[in-house]
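Trainee: Could we go through this model together, one topic at a time?

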Amino acid sequence: MTATGFPLLGTLILLPLLGALITAMQADPVKAKKCALGFSLAELLLSLAVLWCMDFADPEPQLLERLPWIPSLRVDYLVGVDGLSAPFLPLTALLGAAVVLASWNSVQRLVPFYHALLLALSGITMGVFCALDLIAFFLFWELTLAPLYFLVSLWGIGPQRRYAAIQYVMMMLAAGVPLLFGFVLLALNHADALGLPAPAGLSFDYLTLLRTAMPEELQNTVFLLLFLGFAVKAPLFPFHVWLPRIAMEGPTAVTALLVGLKLGAYGLLRFALPLAPAGAQHYLGPVTALAMVGIVYGALLALTQTNLRRLLAFSSVSHVGYVVLGIASLNLQGVQGAAFQLANFTVVAGGLFLLAGFLQQRLGTTELSGLGGLAKSMPRFATLFLVLGAAGMGVPGSNGFAAEHLIVLGAFRADLGLGLMALLGVILGAAYFLGYCRRALFGPLRSRTAAEAADLLPREFLVVALLAGLALLAGLWPQVVLEAGAASAERWVQDLARH
């Protein structure tokens, strides 16, 4: 465990928030966009500096920063990262910069406010990945709702965008209740373990709570509360109802952030299972069942969709099932595959939703009835769509193959039936993507608009090509990604095996 004299993580969190204030004060929309892009790129460089400072052979959290925040309740500002959380920082910054560039021409009103909200969301999300105090984590977790509400309700593309924004916020607020209750129970259990009354014995320190003994019955309750809170955000079946509506009503670039950054699945990996390992094993059967149903349910519904955005939304539900299945396997291969797949969401799902947004801007639709033959009129679009789609299917040579291979291997090690269900999901995933590609990209030209559609601009092509390139690089050299989180994943599995 190391500490640094310079508050690198604190700067990573505050820099985009400062950028949001400066961007919001810009009167000229062009200056606001340039300001947002500049801060986004600076955030990306700073996040890469975090990786440079990491010792990935050390499984303990590093770059720790601690400041007293609410001393009366024993709440601190505590941040740190390890091999499981650190890779998400540059990925978050990269997707944030990509969304700024993708929105360059599509957002025409309240431009400074829009880009200020994007920067604020980026900084808050960094806090979610870095926080090691449960109350600080909960604060960042809830703060993501404000910018997302305004981004969806003000710049959404559907007639029910305000309803979609309200539904999302209400569901997340409801999910926050069991999450906070679970955190409070953990702190109270620490006080009981010390034999001290609250608030003197309270602790919301994640590192301290990992070492605090907890009765099995209480672990069952805590895990159930945390699981409910995180499953809604993931979203895991059957808590996914908000995602298809957001995909259809919200701005596609913002949906790329929601789909690409799976904070709920990260919460399960980081907090729910490590803090209540006996509870996780007690509820292992129901959790695994939900994951398996989610894999097949999401894939089957994606198979029936005619709208690209809804297809990608249900595809995301299926892939979240894969992540949870990998986590629930409780072995090294499954956990590494789950963490790898979470990173893939940022690159693959984020890139595909950005492409869907570019298509929506040009044609006014992503329905199959208005598409067909796009490979002729938009070859650059078609090429990137195929590359990212292949990664989503898990084609060998892509990042999706390495992640899904590990998850399937972990599932087979846990149970033969789980492995077979995971393989079924892979087959269905290939079916819905290839079916849509055949009709949208290579089918007959159905409309004059599609035949005359302009291909991706150089800026748009560069943004998505960078994401596609990362998908290929991570697929060709997956060991680089796996080694970064290997020590932390091994510690994660060992800690759960002791309970």
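**Helix packing**

Trainee: At what angle do the axes of helix H12 and H16 cross?
Mentor: The axes of H12 (residues 263-275) and H16 cross at roughly 150 degrees and come within 10 Å, where axes are lines fitted to C-alpha atoms, for helices over the stretch in contact, and angles run from 0 to 180 degrees between N-to-C directions. H12 is therefore roughly antiparallel to H16, given that angles under 35 degrees count as roughly parallel, over 145 as roughly antiparallel, 65 to 115 as roughly perpendicular and the rest as oblique. Please keep in mind that this is a predicted model, in which local features need pLDDT of at least 70 and side-chain atom pairs count only at pLDDT 80 or more, while totals for chains, interfaces and linings use all residues. Residues are numbered from 1 along each chain as its sequence is written, and side-chain values use heavy atoms, with hydrogens and water left out.

Trainee: And is the crossing of H12 and H16 left-handed or right-handed?
Mentor: The H12 and H16 crossing is left-handed, meaning that the near helix is turned anticlockwise from the far one by less than a right angle, whereas clockwise would be right-handed.

Trainee: Which residues in H12 and H16 meet there?
Mentor: On the H12 side they are Ala265, Tyr266 and Leu269, which meet Val335, Ala339 and Leu342 in H16, with contact meaning heavy atoms within 4.5 Å. By class, this contact has 6 nonpolar, no polar and no charged residues, where Ala, Val, Leu, Ile, Met, Phe, Trp, Tyr, Cys and Pro count as nonpolar, Asp, Glu, Lys and Arg as charged, and the others, Gly among them, as polar.

Trainee: How far apart are the axes of H3 and H16?
Mentor: The axes of H3 (residues 88-102) and H16 (residues 332-363) are 11 Å apart, and the two helices pack at an angle of about 0 degrees, which means that H3 is roughly parallel to H16. H3 contributes Phe88, Leu91, Leu95, Ala98, Val99 and Ala102, and the residues of H16 include Ala339, Leu342, Thr346 and Gly350. The contact of H3 with H16 has 12 nonpolar, 3 polar and no charged residues.

Trainee: What about H18 and H20, how do they pack?
Mentor: H18 (residues 379-393) and H20 (residues 416-440) have axes 9 Å apart and an angle of about 165 degrees, so H18 is roughly antiparallel to H20, and H18 passes H20 in a right-handed crossing. Among the residues in contact are Phe385 and Met393 of H18 and Phe433 and Cys437 of H20.

Trainee: Changing topic, how many helices and strands are in the chain?
Mentor: The chain has 23 helices and 2 strands, counted as DSSP runs (helices H or I of at least four residues, strands E of at least two) and numbered from the N terminus. Its radius of gyration is 22 Å, close to the 23 Å from the globule rule for 499 residues, so the chain is as compact as a globular protein of that length; the radius is taken over C-alpha atoms, and the rule is 2.2 Å times the number of residues to the power 0.38.
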